[in-house]
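Morning, everyone. I have one structure to walk you through today.

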Amino acid sequence: MPPRRQSCLDLSSELHPERQFARLQAQTRRHFLRSLSGGLGTMFLGTMASSYSTVARAAELAIDGTPRLDFRRDPRNPLAALPPQFSARAKRVIYLHMAGAPSQLELFEHKPELTRFDGQDCPASLLAGKRFAFITGVPKLLGAQFPFHQVGQSGQWISDRLPHLEQHMDDLCFIRSMRTDQFNHAPAQLLVQTGNPRLGYPSLGSWVVYGLGTENQNLPGFIVLISGGNTPDGGKQLWGTGFLPGVYQGVQCRSHGEPVLYLDSPPGVGVAQRRNALDAIDELNQQNYDQFGNPETVTRIAQYEMSFRMQMDATDAMDIHKEPETVRAKYGSKVGEGSFANNCLVARRLAERGVRFIQLYHWGWDSHGSSAADALNDGFIKRCHEVDQPIAALLSDLKDRGMLEDTLVVWGGEFGRTSMRENRSGQVLKFVGRDHHPGAFTIWMAGGGVRPGMSFGQTDDMGYEIVNDPVEVRDLHATMLYLLGFDHHKLNYPFQGLDQKLTGVKPARVVAEILA
């Protein structure tokens, strides 16, 4: 008699009764149908055979019928570097996000007319149809709190709050006409960092690593460093992957202590023991993948392997002890602190080691004036001091090493600040501050193919409304992707019936005027 075929429900093998019961509990209808030689699964596949070639051809095309870029990789090496769609000007990105939205009117936007009308009632024309987070009634206009001057061959204006950065003004490209449609921090940060104010969308860094991979397979392709004492309002979704595979998520690291918590082996556990344990876990995960085919299982295997390699490489990359004292002094960094200065120095070390996207968040720029900590005449001054020297040192270091030309450095917040002094319930606050303003804000970029020493866009004499060349957040994203070698329409991922893109479905343009 021929041996009978064992179905997924056949428990007559010589398993221990408890293991038999556990195996039975793990069975599903899917297991049952798959085990049948003439089951419904086989019948369905038979009916699909004739249309397989048509489906395969369609999968190679985007929804608009144009050829789809191929982002497939060996599942065991999901961060493998891929070539850009066309020649790129930038190989990597260092994004410096000032969480809370710094006031452009105290840093880069010189508006003498606003200063001339300081303390006067705000004209009704500036208030009509506007939504504010806190301002009510008729607020007072508020001139710049610090003096401005022109610097460099480009003659750009800057306040006295950033004396180190002003030495690099001829390297910076300003966009003074950014705008957003979000006026609260979390959704505005999500829009800037993911292209969408709602949760569940991939971050800018995730899109870049999905498209390009990373050069160093012993470090994550997307690393996040946080300073200022708090996580940004948008939370970890700001560096999440949304519907992209989880392997492209940003990895939050630290510039002091263990780069990632629990990365080091426990006391008494050697490298060989760790390797043996990891091999056993990988084997179990591989069996799970062979059985269920869930791509996230392969991601898990790759992440375990990455963690093992990071035990050596990440510790070395984050160790600023290895920098000369003169370099640490240049940044104003201090070993053992979780500071923005340390993070900028680490960012340079990561860029040198081939990390594709390095995201720094520095919290504390929400200058409402409700307390000393968030006042323009107190906490804001401290924030400027914390970032001025490190940013200047980072730009200088990149330039000296010949890396600025292919490293895109971006600085900015999630929106701007109002031209009016903030009040609460119609009453002037004790400290000086400004409310959220989505209608106009300033960012700057350096290196990576942008024109140095220039300004693009313009606001009115009050610094309130954009009068020339508005730039949407999606335009900024399209421009960054272009510098990295991608048409933003082509860097997409099929999800829920759409070829999803960082720039969304609304029209977006590359800001060609700022390209070198």
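First, a caution: this is a predicted model. Now the overall picture. The chain's secondary structure comes to 14 helices and 19 strands. There are 516 residues in the chain, and 49% of them count as buried. The accessible surface comes to about 24,000 Å². Of that surface, 54% belongs to carbon and sulfur atoms.

What about contacts along the sequence? Take those between residues at least 6 apart in the chain. Of these, 75% join residues at least 24 apart.

Now zoom in on one helix pair. Helix H12 covers residues 340-352, and helix H13 covers residues 379-400. Their axes come within 9 Å and cross at roughly 15°. Angles under 35 degrees count as roughly parallel, so H12 is roughly parallel to H13. The crossing is right-handed.

Which residues make the contact? From H12, we have Phe-340, Ala-341, Cys-344 and Arg-348. From H13, we have Glu-386, Val-387, Pro-390, Ile-391, Leu-394, Asp-397 and Leu-398. By type, the residues of this contact divide into 8 nonpolar, 3 charged and no polar.

Stay on H13 for one more residue, Arg-383. Is Arg-383 buried or exposed? Its relative accessible area is 14%. Buried means under 20%, so Arg-383 is buried.

And what is Arg-383 in contact with, leaving aside its neighbours within four places in sequence? Look for His-362, Trp-363, Gly-364, Trp-365 and Ala-373.

That's my tour. Over to you.

Notes: Residues numbered from 1 in each chain as written. Predicted model: local features only at pLDDT ≥ 70, side-chain atom pairs only at ≥ 80, totals over all residues. Heavy atoms only, no water. Axes fitted to C-alpha atoms, helices over the stretch in contact; angles between N-to-C directions. Helix = DSSP H or I, 4+ residues; strand = E, 2+ residues; numbered from the N terminus. Parallel < 35°, antiparallel > 145°, perpendicular 65-115°, else oblique. Left-handed = near helix turned anticlockwise from the far one by under 90°. Contact = heavy atoms within 4.5 Å. Nonpolar A, V, L, I, M, F, W, Y, C, P; charged D, E, K, R; others polar. Buried < 20%, exposed > 50% of the residue type's maximum accessible area, 1.4 Å probe, protein only. Areas by Shrake-Rupley, 256 points an atom, 1.4 Å probe, with all protein chains shown as cover.
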